[in-house]
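Subject: The structure you asked for

Hi,

Here is the structure to open alongside this email. My notes on it follow below.

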Amino acid sequence: MAARSRGLLGSRHLLFSILVHTAWQVGSGQVHYSVLEEAKHGTFVGRIAQDLGLEVGELVSRLFRMVSKGRRDYLEVNVQNGILFVNSRIDREELCSRSPVCSIHLEVIVDKPLQVFHVEVEIKDINDNPPVFSLRQKNLFISESSPLDSRFSLEGALDADIGENALLTYNLNPNEYFTLDVKKKEEQMNSLKLVLKKVLDREEIAEHHLLLTATDGGKPELTGTMQLLITVLDVNDNTPEFERTVYKVKLFENVPNETLVMKMNASDLDEGLNGEIIYSFTSDVSPNVQNKFHIDQVNGEIKIKGNIDFEETKLFEFQVEATDKGSPRMVGHCTVLVEILDMNDNSPEVAVTSLSLPVREDAPQGTVVALISVSDRDSGANGQVTCSLSPPGPFTLVSTFRNYYSLILEGQVDRETVLVYELVVTARDGGMPVLWATASVTVDIGDVNDNSPAFEKPVYTVFVRENNPPGCHIFTVSASDSDSQENALVSYSLIERRVGERLLSSYVSVHSESGKLYALQPLDHEELELLQFQVSARDSGFPPLSNNVSLQVFILDENDNPPVVLPPHAGVSPVTELVSQSVTAGYVVAKIRAVDADSGYNAWLSYELLSKVGIGSSPFRVGLYTGEISTTRVLEEFDGPKHTLLVLVKDHGNPVLSATATIVVSLVASGQILKTSSSDHAKAKEGVSKESQLVDINIYLIIAICSVSSLLVLSLLFYAAIRCSEPLESLYCSKKSIAMCSSDLGNLPYSQQQRPKICSGEGAAKNDLMAFSPNFPPFLEDRGQQQEMVPEVGKELPLFPNLTIMFADLLTKG
C-alpha cells in the first residue's frame with residue numbers, strides 16, 4: 001500500500017507539472033485551452049492576450065475583463081502579462097458530473113473599441129475519485145441447495161471519473177466457494193454476478209465473509225471495497241426469476257402522479273409460500289428513485305409519485321428484487337432503466353452581460369452596443385433559441401457564438417429626434433408550443449454638437465423712443481439649441497461694425513447669457529432714425545456652432561425740438577413791412593416760414609396771430625398752416641400808421657413747443673412805397689440813420705408835388721399798377737420763386753436728417769398795387785447756409801421802364 005501511495009503521488013505530480021496542449025480553434029473567434037482538474041492555484045493555462053491578438057500593455061487601458069457565466073472564478077488573467085491561470089480549485093465531477101466533455105466558456109471583453117472574444121477551457125479528468133460501492137457491507141442469503149454455477153447479482157461500484165479513469169475491474173478475494181462473473185451489458189455497464197463454484201453446506205460453514213474490490217483504470221489506480229456477508233440458507237432452493245433481466249422504458253417529464261411506468265413479472269418454481277413473490281426496490285436504491293417512484297408489492301406495478309424533471313435527471317437506473325415467502329427467502333433481481341424524454345417546459349433566459357452606453361450620435365455603423373446571452377434548459381429543438389429585436393430601428397442583433405448575440409448599431413441615430421431607445425430582445429425556443437422570454441435594453445443616445453442655435457425670426461424689428469436713459473433695456477433676443485448640456489449653452493455677442501463715424505458697441509450692448517439688449521446712451525431720432533445690426537448666438541460645444549440674427553431698431557421721435565422761424569423773421573428785432581393804405585382785403589403782407597427738427601406730428605406746424613389787449617379787431621390775420629399774413633379788410637385811417645403783429649408758431653407734439661415772430665406793418669401812401677423802399681435800400685448800404693430820414697422827407701415832398709400837379713398821370717399809374725403788378729414773391733423771384741414745399745394744409749414735418757426742401761414755382765397773380773417789398777428777401781438754404789437774394793434797383797417794374805428811371809433819379813437827387 002505504501003508503494004502504491006507513493007506511485008499515486010508521483011503520477012499526480014507528473015501530471016500537474018506538464019502543461020496541457022493549447023490550440024487555436026478557428027471559427028467563431030474562439031480560443032481553446034485545456035487544463036487538468038485539481039490543478040493548483042496559479043497553474044499556467046495559456047497566453048490569452050497573445051492568442052487573442054491583444055497588446056499586453058493595453059489590457060488595463062482598454063478595460064480588459066473576463067466573464068464566466070454561471071461559473072465561479074475558476075480562472076483568472078494576469079493583466080500585467082496576459083497569462084490565463086488557475087485561480088481556484090476545479091473539480092470536474094462537481095462541475096460537469098459524468099458528462100464526457102466538460103468545458104468552461106469564458107467571455108473576454110475589451111473596450112475602446114469594444115471587442116468580445118470567446119474562450120473555451122476544457123477540463124481534463126484525472127483519476128482523483130476511487131470507485132465507491134453504495135454499501136460498505138452487502139448481505140446475501142444463499143440456500144445451501146443452490147446448485148453449482150448459481151449466480152447472485154451484486155451492485156457494482158460507481159466511479160465519478162470518466163473514460164479510462166472510470167473503467168472498473170472487479171476482484172474477489174481468493175476462496176473456494178465463489179468466483180466473480182463480470183460481463184459487459186448493452187448500456188456500457190458491467191453486470192456483476194457472484195458464481196457458486198462449490199456446493200454450500202450450512203452445517204459446515206454457515207457464513208462466508210468475502211471482500212469485493214473494484215479497481216479503476218487510472219494511473220495511479222484507485223480502488224474501492226465492499227464486504228460481502230453470505231448467509232447460507234436452508235430448504236428454499238429456488239429463486240424468483242424475472243421475464244427480463246433489464247427493463248427499459250421511455251417516459252415524458254412532468255407526467256402526473258400515479259402514472260404507470262411498467263408492470264414487473266417474476267415467477268418462482270417453488271410452491272406455497274416459497275413461490276409467493278413480493279416486489280420491492282433493492283435496499284441500496286438511491287433516495288432520488290424512492291422519491292420519484294413506488295412499486296406495488298403484490299402486482300409489481302411501478303408508478304410515479306413525484307415530479308419527473310428532464311433537466312434534473314435524464315435517466316433513472318435502479319434494481320427491483322422479487323422475494324419469495326419461503327424460509328429462507330429467495331430473491332431474484334432485474335434492472336430497470338427509465339429514460340426521461342424532454343418536453344418544452346422551460347422558457348429561454350436572456351441576460352445582458354455588457355453594455356457600452358451611451359451611444360454617441362456620430363457613432364459609426366457596426367458599433368457594438370451590448371452583449372446578450374441566451375440559454376434554455378431544455379434540449380434538442382426545445383433548447384434551440386433564436387433572438388429578435390423590436391421595435392425596428394437603427395439597431396440589430398448579430399449572432400456571434402452559439403447562444404451569444406451582439407447588439408450592433410446599423411443606422412444613424414439623432415439625439416434630437418430620439419433621446420432614448422427602449423429595445424426589447426425576445427428569445428424564442430424551437431419547441432411546441434413555443435416559449436419565449438424578453439429582456440429590455442435601454443440605449444441612451446449621447447449628444448454631439450450638430451445643431452446651431454436658432455432664432456425664431458431672421459429679423460427682429462424694435463421700436464425705441466429717443467432720449468432714453470443710458471443703460472435701458474430695449475429688447476431681448478433668444479436662440480434655442482436642440483442639443484443638450486454645454487452643446488446647448490448659448491452665449492450672445494454683437495457683430496461689431498461702424499455706424500457712421502462711431503462703433504456699434506458705443507450705441508448698444510448685449511448680455512452674453514440672457515441676450516438682453518441695452519442702449520448705452522440716449523438715442524436721438526434727429527441724429528439716427530434706424531440702427532441696423534446683427535447679434536451672434538454661439539453655443540459652447542466643440543467645435544462651437546453659431547448663428548446670426550438681424551435687428552432693426554427704429555428710434556421713435558419725441559417732441560424735443562421747438563419750431564425755428566426762418567430768416568428774415570428770425571431774431572429778436574422785429575421786421576418792418578410797408579403796406580399801402582389802399583390794399584384790399586386778402587392782400588398778403590408777409591409770410592412766416594418756420595421748420596421743426598422733429599418729425600410727424602411733432603413737426604407739423606401751425607401759425608396763430610396773438611392779439612393785443614385793449615385794441616380792437618386787427619385788420620390782419622395769419623394762415624393757420626401757411627404762415628401767410630394777409631389783410632382781412634380794407635385799411636382805414638383810424639387803423640393807424642403802424643401795426644405790431646406777434647405770430648405764434650407751434651407744433652402738434654405733446655407737450656406743445658412754440659416760437660414767436662414779430663412783424664411791424666407800416667401803412668404808407670401808395671406813391672411812397674417805391675421811394676420808401678429805395679430809401680431803405682440806401683439806408684442799408686450807407687448805414688447812416690440821419691441821411692435816411694432826410695431822404696424820406698425829400699421823397700415825401702417830391703411825391704406830394706407830383707401828385708398835385710400830375711393827378712391824371714398818377715391815376716393812370718395806379719390803374720396800370722393795379723392791373724399789371726405781381727405779388728410780393730413774384731417781385732423777388734425771377735420767373736421761379738424760392739419757397740418752402742408745403743402740402744395743401746401747410747408746412748410738412750421735417751427732421752434733422754431730411755432738410756426742408758426748397759423748391760421753386762410760379763407765384764399766383766395778385767391784385768395788390770405793390771411794386772416790391774424790401775422786407776421779404778427770398779433765401780435758399782443750402783447745407784445750412786442761407787443765401788439772401790436782393791433785387792437790383794431798376795428791374796423791379798419792368799412794365800414801366802420810364803417811371804422806374806424817374807423814381808431812380810428822384811431818389812438820387814433827393
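This is a predicted model: local features need pLDDT of at least 70, side-chain atom pairs count only at pLDDT 80 or more; totals for chains, interfaces and linings use all residues.

Let me begin with D159, which counts as buried because its relative accessibility is 3%, and the cut-off for buried is under 20%. You'll find D159 in the loop between β10 (151-154) and β11 (169-172). What does the side chain of D159 have beside it? One of its polar atoms lies 2.9 Å from the backbone nitrogen of D161. If you leave out the neighbours within four places in sequence, D159 is in contact with R98, N127, N129, P130, P131, N165, A166, L168 and D216.

Now the overall picture. The protein has 814 residues, and 43% of them count as buried. On the secondary structure side, there are 9 helices and 58 strands. Among contacts with a separation of 6 or more, 67% are between residues 24 or more positions apart. The protein exposes about 42800 Å², and carbon and sulfur atoms supply 53% of that.

One bit of strand pairing to look at is around β24 (residues 331-341), which pairs with β17 (residues 246-252) in the parallel sense over 7 bridges. In that pairing, K250 stands opposite E339 in β24. β24 also pairs with β23 (residues 315-324), this time in the antiparallel sense and over 9 bridges. There, V320 stands opposite C334 in β24. How many residues make up the hairpin link from β23 to β24? The hairpin joins them through 6 residues.

On to the salt bridges, where the count comes to 14. Here are some of them.

E38 and R89 meet through their side chains, at 2.9 Å from N to O. Is E38 buried or exposed? E38 counts as buried because its relative accessibility is 19%, with the cut-off at under 20%. R89, at 45% relative accessibility, counts as partly exposed.

E176 and K198 form another salt bridge, with the closest N and O atoms 3.1 Å apart. This pair also links distant parts of the chain: E176 sits in the loop between β11 and β12 (178-184), K198 in the loop between β13 (190-196) and β14 (207-215), and they are 22 residues apart. E176 has a relative accessible area of 47%, so it is partly exposed. K198 is partly exposed as well, at 33% relative accessibility.

R360 and D362 form a salt bridge too, and their closest N and O atoms are 3.1 Å apart. R360 counts as partly exposed, at 44% relative accessibility. D362 is also partly exposed, with a relative accessible area of 44%. Coming back to the E38 and R89 pair, which residues are joined with it into one network? Salt bridges that share partners join E38, R89 and D91.

Next, Q532, which is found in strand β42 (residues 530-539). With neighbours within four places in sequence left aside, Q532 is in contact with R497, L551 and Q552.

Last, a nonpolar patch on the surface, formed by V352, L355 and L357, with about 210 Å² of accessible area together. L355 is in strand β25 (residues 349-355). At 45% relative accessibility, L355 counts as partly exposed.

Then look at β24, which pairs with β17 in the parallel sense and with β23 in the antiparallel sense. Finish with the network of E38, R89 and D91.

Cheers

Terms used: Residues are numbered from 1 along each chain as its sequence is written. Side-chain values use heavy atoms; hydrogens and water are left out. Helices (H or I, at least four residues) and strands (E, at least two) are DSSP runs, numbered from the N terminus. Buried means under 20% relative accessible area, exposed over 50%, partly exposed in between (1.4 Å probe, protein chains only). Contact means heavy atoms within 4.5 Å. Accessible areas come from the Shrake-Rupley method with a 1.4 Å probe; for residues, only the protein chains shown count as cover. Two strands pair if DSSP finds at least two bridges between them. A polar contact is a pair of N or O atoms within 3.5 Å; within protein, one must be able to donate a hydrogen and the other to accept it, and residues adjacent in sequence count only if both atoms are side-chain atoms. A salt bridge is a side-chain nitrogen of Lys or Arg within 4 Å of a carboxyl oxygen of Asp or Glu. Patches are made of residues with over 30% relative accessible area and no salt bridge: like charges are joined within 9 Å, nonpolar side chains (Val, Leu, Ile, Met, Phe, Trp, Tyr) within 5 Å.
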